[in-house]
2 protein chains.
Amino acid sequence: MIEINDKSIRLKLGSFELMHKKDFPMFAVGYGENTYEMSHGNFNISKYYKIKIPLREFKVISKTSESYEILFYSHSGEELKCRFNISMDALNIEILSHSEQLNRFWIYIPASENEEIYGCGEQYSYLNLRSKRVPLWVSEQGVGRNKREIITHFANFKDDAGGDWYTTYFPQPTFVSSKNYYAIVHSYAYSEFDFSHRDFHELEIHEIPQKIEFGVGESLIDTVIKLSKNIGLPNPLPEWIYNGVILGLQGGRDVVMPKIMNALEKGLKITGLWIQDWEGKRITTFGKQLMWNWVYDESMYPDLPGMINQLKSMGIRTLGYINTFLALEGSLYKEASQKGYLVKKNNGEEYHVVVTTFPAALVDFTNPEAREWIKNVIKSNMIGIGLSGWMADFGEYLPTDAVLYDGTQAELYHNRYPVEWAKINAEVVQEAGKKGEVVFFMRAGNLYSAKYSTLFWHGDQLVNWSRDDGLPSVIVAALSMTMSGIGLTHSDIGGYTTLAKNVPDIVVTKRTKELFMRWAEQATFTPVMRTHEGNWPDENWQFDSDEETLEHFARMSKVHYALKPYIKHLVEEYTCKGKPIIMPLNLKYKVDNVEELKYQYLFGEDLLVAPVVESGQNVKKVFLPDDEWIHLWSGKKYSGGIYEIETPIGYPPVFYRLSSRWKDIFEKAGGVE
Amino acid sequence: MIEINDKSIRLKLGSFELMHKKDFPMFAVGYGENTYEMSHGNFNISKYYKIKIPLREFKVISKTSESYEILFYSHSGEELKCRFNISMDALNIEILSHSEQLNRFWIYIPASENEEIYGCGEQYSYLNLRSKRVPLWVSEQGVGRNKREIITHFANFKDDAGGDWYTTYFPQPTFVSSKNYYAIVHSYAYSEFDFSHRDFHELEIHEIPQKIEFGVGESLIDTVIKLSKNIGLPNPLPEWIYNGVILGLQGGRDVVMPKIMNALEKGLKITGLWIQDWEGKRITTFGKQLMWNWVYDESMYPDLPGMINQLKSMGIRTLGYINTFLALEGSLYKEASQKGYLVKKNNGEEYHVVVTTFPAALVDFTNPEAREWIKNVIKSNMIGIGLSGWMADFGEYLPTDAVLYDGTQAELYHNRYPVEWAKINAEVVQEAGKKGEVVFFMRAGNLYSAKYSTLFWHGDQLVNWSRDDGLPSVIVAALSMTMSGIGLTHSDIGGYTTLAKNVPDIVVTKRTKELFMRWAEQATFTPVMRTHEGNWPDENWQFDSDEETLEHFARMSKVHYALKPYIKHLVEEYTCKGKPIIMPLNLKYKVDNVEELKYQYLFGEDLLVAPVVESGQNVKKVFLPDDEWIHLWSGKKYSGGIYEIETPIGYPPVFYRLSSRWKDIFEKAGGVE
């Protein structure tokens with residue numbers, strides 16, 4: 001519905017409303033300049049605003065039954081011409097033109113005080129973003145991410161790498177409101193979505209965006225589904241991925257194969273072997289690191305194609321690793337450099353970036369030939385040797401002062417770089433005829449990553465229990481991805497980051513047995529279970545560090561496998577219809593304070609999971625929404641309420657709905673020994 | 001000179017120029033809101049700008065031979081009416097009125113690329129502020145003040161107390177340009193002076209200020225002198241202050257008196273005993289702290305008036321301590337609380353602030369009765385018992401959400417609070433008839449503190465050699481104060497802050513013997529020498545920790561005393577005529593890179609001091625400007641150039657001008673044994 005008179009504009013879709021009047025202008029425009037300092041993928045961004053002018057005046061230029069063209073302007077001469085396209089459940093605002101020299105844009109959305117806001121991509125600390133000002137910039141997630149954690153300060157000390165509550169690999173200029181509407185801003189420029197004001201939300205975009213979309217749903221879940229469909233759904237996961245865990249191992253054939261044999265013997269359900277060091281490794285002060293030359297290392301993995309076949313015959317797929325860089329020592333770098341496929345500095349030299357400890361070059365995705373070239377590298381060197389998937393790492397490091405092949409401003413391409421990286425990988429899979437068989441997983445992303453990447457993982461968590469960067473944070477990450485329309489996510493079981501060298505003892509955190517086991521329990525109730533040895537494998541507890549751990553992990557892998565029909569169904573419901581998989585409770589039930597309950601989730605509509613995310617917790621207080629619930633492990637019946645649930649290792653609080661059509665599956669999973 | 005035509009305004013005074021045209025408007029106005037978080041006097045300030053509109057249009061309203069009234073406006077309706085008063089060497093811009101609902105103000109000043117900018121109050125890290133954006137907010141100076149120093153992170157960890165290069169007790173909305181002009185913005189609102197743009201300086205004020213002044217000088221030193229006179233000159237220091245060092249001791253009569261006797265015996269020239277614990281003490285996790293109830297402690301200092309008299313007869317003055325707080329346990333707090341003299345919260349309760357470890361109440365300086373009351377406390381309890389001076393500590397802690405007696409917004413009074421604290425102390429001295437006899441020294445300040453406070457000290461440095469917070473930083477602090485028109489500064493010899501408890505060994509910094517001695521050497525060539533035992537006296541090296549230190553310190557006290565006629569002359573030249581005392585070399589000589597040479601200074605026109613500010617330095621590279629110089633200790637003659645000067649302990653590089661009329665004094669000082 002649109003109402004326009006001389007003085008005001010009012011657009012209404014369900015309970016969503018946009019308005020414009022002199023003292024509540026819909027838009028402001030301006031001019032500004034940012035300064036970006038990058039340290040190892042972490043950014044310090046200084047913003048300078050030269051002007052910020054509300055566009056208080058407007059004039060309807062033309063009108064059809066479905067659209068209005070309206071000129072917004074200030075008396076000082078700033079203009080913004082927009083087309084509003086209105087349907088039953090969506091409003092598109094296209095920016096048709098604007099006065100020159102504007103590069104900052106604000107849109108104001110009326111807000112209510114008790115409104116809840118979700119999304120903005122992958123958020124690790126807060127689920128409800130009401131009261132927050134959320135920067136949207138692709139970057140490292142940060143180590144610690146909280147100034148009250150001493151490790152954050154150590155990460156900041158030398159590398160400015162400590163991050164903050166909002167630093168993320170995967171921001172997305174979308175959000176969902178508890179007023180049952182979603183918003184999508186079509187821009188890859190640096191942005192800030194400001195939900196901290198009482199009466200309005202202010203979306204700040206550091207360019208004039210092409211388009212802003214709003215859509216409404218009949219319920220919150222319907223809104224999320226519409227958003228998911230709007231930004232695009234990926235292909236279903238391959239069938240094999242549900243058959244157990246993907247084991248992250250490394251160290252060469254002679255290390256890896258015996259570990260697999262031992263694990264199989266102990267009953268671990270293994271569906272994949274993920275060898276990130278398939279292309280060789282190097283030891284640095286940061287840990288065991290990879291070679292970054294995307295050719296298999298014959299000394300570590302002699303006859304890797306043969307080994308891959310052997311494993312395949314045992315029902316185990318092999319996965320590799322690639323990222324957006326090329327190590328300067330490698331053959332691929334030499335070739336790419338000669339052909340001019342690498343990102344450059346403004347003096348014409350190649351831009352070499354120190355990611356952790358050594359410099360590397362970045363492939364220029366704006367160069368169509370470079371894209372084809374890296375696609376062929378993946379096709380022949382990875383798919384060609386039989387790999388069924390890979391981690392497609394990084395995507396956050398495009399420097400803002402880089403010079404790109406097609407002339408695009410790097411500042412405006414930075415946030416898009418991981419999306420193009422996903423698209424390249426997706427094209428490889430498609431062109432190689434491996435859709436539905438090969439899976440690649442990414443951490444970095446932005447708008448439209450959802451439809452290209454086959455799977456996401458939550459990045460490099462600390463190997464601890466911290467809210468902002470440990471086990472609890474991957475739950476918030478999964479939920480915020482869901483609320484951003486993205487369904488397929490998982491994490492490194494046990495976390496990744498240990499700061500072990502050159503730091504005092506009080507900072508060293510090593511993955512404990514308990515953490516590994518609790519993390520595995522949580523991962524059991526996600527679409528994909530995958531381990532990572534971490535950056536210092538020898539310092540951290542592994543799945544086979546002792547018999548008890550291996551037995552526990554084997555049992556959890558069997559529970560996960562027992563849930564295969566249910567999980568597969570959930571994945572298909574998402575990839576076909578956009579239905580969320582890992583959900584906050586309020587997508588199905590009336591819940592008063594979602595933020596307080598954010599470490600509990602629904603895994604599909606029929607499982608409620610309340611993972612243990614604190615050390616030493618034998619009993620956990622669990623909120624069960626108003627329904628009839630069966631405790632997965634004991635079969636005990638519960639109705640809605642708050643309960644103290646016993647949670648010995650191996651038995652996290654999980655409940656299924658009594659009325660579920662998957663009851664038999666759940667009974668089987670709950671009875672696994 | 002003012003040129004006005006239809007399209008532009010040009011104001012020119014010497015090499016200073018202001019201009020206005022459509023594409024370079026002189027002013028912008030706007031509306032914004034800040035969020036202030038205070039932790040122990042450290043502030044985290046979030047700025048939100050709702051609008052920022054350049055005022056591109058103007059209209060001359062009236063004109064006389066000396067002034068113009070001009071209306072600046074935007075077509076969107078924002079207006080600012082200014083009166084420009086122009087004389088030969090000054091330009092005043094008075095803001096006569098402005099449209100409602102504006103609370104942000106910007107003025108643009110054309111800049112040149114190689115221009116240098118000095119001042120902004122007390123700056124510890126950078127002298128030349130060109131390329132910096134300088135926030136002006138009274139706060140703790142911070143511990144470490146540099147993210148590359150691990151101690152900064154420890155200070156941040158629990159208390160957000162690490163600071164940054166710009167955090168300061170004493171910001172001042174004034175600056176001096178190498179184009180020989182100064183600027184004074186008459187506002188105590190939060191401000192940012194932005195010198196980072198190539199073509200303009202942008203001064204941002206978080207209110208509409210009353211007045212902005214510009215003045216030009218014939219030279220840089222003439223400009224500084226004019227600024228000094230403009231903001232006000234204090235009274236000369238008391239005669240007694242030149243007679244040696246002020247010893248900072250504590251622990252009660254029985255501790256203090258023997259230390260003095262011992263020091264006198266070793267030849268230390270003592271002119272003052274500063275007992276900060278005259279009002280009692282407490283032991284906390286931060287260290288030995290004071291009682292903050294401004295009554296002398298009879299148990300620690302029985303018959304303090306008698307002791308003061310006794311010391312006076314020996315030529316030693318006694319100094320005490322006071323600050324803006326009242327400890328909740330004290331009798332004075334009870335009285336002030338009953339009378340309603342304390343700063344309140346918006347719920348009507350008293351605002352109790354935790355400064356370090358215990359809560360305390362703040363005296364409300366907007367209440368005339370409270371002012372009289374605290375003045376009488378000082379008069380009777382401090383001057384009344386014979387004290388010749390005191391540290392007037394703090395002034396940075398007025399919370400922005402406090403409620404003040406006279407209704408002033410605390411956000412706009414925060415920066416003014418230390419100025420009123422200085423004024424109160426100045427009135428006490430005046431009304432007690434003790435002008436030129438009593439000295440009080442402050443660290444916090446702002447515009448007009450200069451004329452009220454008798455002396456400043458640089459605050460709480462770390463007991464180390466760090467550039468941003470150790471010995472070197474007090475030199476930059478003194479020079480930036482000079483460039484802000486403030487001449488009378490000194491520091492705690494040896495620094496103050498040790499983080500000794502609850503931190504890992506790598507963070508603990510203790511004052512070493514070498515640091516104490518080098519700091520004493522630097523202090524010798526400042527107006528006042530004063531020691532402080534630091535927050536953890538027992539952990540740190542003191543003036544009498546061994547014989548060698550005491551002998552070295554005694555010798556430096558004699559050198560300082562030998563310089564008395566010269567120093568007294570410098571102080572009088574400042575207090576009467578505004579002539580700077582501690583000067584960067586470019587106030588007298590042509591110097592290419594002042595920033596590189598900022599740890600050398602002129603002490604008056606005839607002494608060049610290049611203190612040793614690094615550990616283990618036996619030889620120091622010294623730049624001597626083009627002149628004829630005599631090495632103070634050896635009498636060796638030097639002409640302009642760069643020299644490697646030997647710097648054994650006790651003999652920092654100091655030179656005097658061959659042609660100085662104070663040659664005899666310098667010879668005597670150089671020959672002290």
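Tutor: Please keep in mind throughout that this is a predicted model. We may begin with a helix terminus: just after α5(A), G340(A) has a positive phi of about 75°.

Student: Which residues of helix α5 of chain A are buried, and why do they line one face of the helix?

Tutor: Viewed down the axis of α5(A), the buried residues fall within an arc of 100°, so they line one face of the helix. Helix α5 spans residues 331-339 of chain A. Its buried residues are L332(A), Y333(A) and A336(A).

Student: Against which elements do the buried residues of α5(A) pack?

Tutor: The partners belong to chain A and include both strands and a helix. The strands are β23 (325-327), β24 (352-354) and β25 (359-362). The helix is α6 (368-381).

Student: Turning to chain B, which residues of helix α4 are buried, and what do they pack against?

Tutor: In α4 (residues 304-313) of chain B, the buried residues are L304(B), M307(B), I308(B) and L311(B). They fall within an arc of 100° when seen down the axis of α4(B), so they line one face. The face turned away from that buried side carries the exposed residues N309(B) and S313(B). The packing partners of the buried residues, in chain B, are α3 (253-265), β19 (270-275) and β22 (317-323).

Student: Which residue caps the N-terminal end of α4(B), and which residue with positive phi follows the helix?

Tutor: At the N-terminal end, a side-chain oxygen lies 3.0 Å from the backbone nitrogen of G306(B), and the capping residue that supplies this oxygen is D303(B). After the helix comes a residue whose phi is positive, near 85°: G315(B).

Student: Is S187(B) buried or exposed, and with which side chain does its own side chain make a polar contact?

Tutor: S187(B) lies in the loop between β14 (181-186) and β15 (191-194) of chain B. Its relative accessible area is 5%, under the 20% cut-off, so S187(B) is buried. The side chain of S187(B) also reaches the backbone nitrogen of A189(B) at 3.0 Å. The side-chain partner, at 2.6 Å, is that of E207(B).

Student: How many residues are in the largest nonpolar core, and which of them have the most contacts inside it?

Tutor: One of the residues with the most contacts inside this core is W292(B), which touches, among others, Y321(B), F325(B), V355(B), F358(B) and F394(B). A second, separate core of 167 residues includes L247(A), M556(A), V591(A) and I665(A). The largest core has 174 residues, and those with the most contacts inside it are W292(B), W390(B), F525(B), F553(B) and F603(B).

Key:
Residues numbered from 1 in each chain as written. Chains lettered and ligands numbered in written order. Predicted model: local features only at pLDDT ≥ 70, side-chain atom pairs only at ≥ 80, totals over all residues. Heavy atoms only, no water. Buried < 20%, exposed > 50% of the residue type's maximum accessible area, 1.4 Å probe, protein only. Helix = DSSP H or I, 4+ residues; strand = E, 2+ residues; numbered from the N terminus. Arc of directions from axis to C-beta. Contact = heavy atoms within 4.5 Å. Polar contact = N/O pair within 3.5 Å; in protein donor to acceptor, adjacent residues only side chain to side chain. Core = buried A, V, L, I, M, F, W, Y, C linked by side-chain atoms within 4.5 Å. Lists of a residue's contacts leave out its neighbours within four places in sequence.
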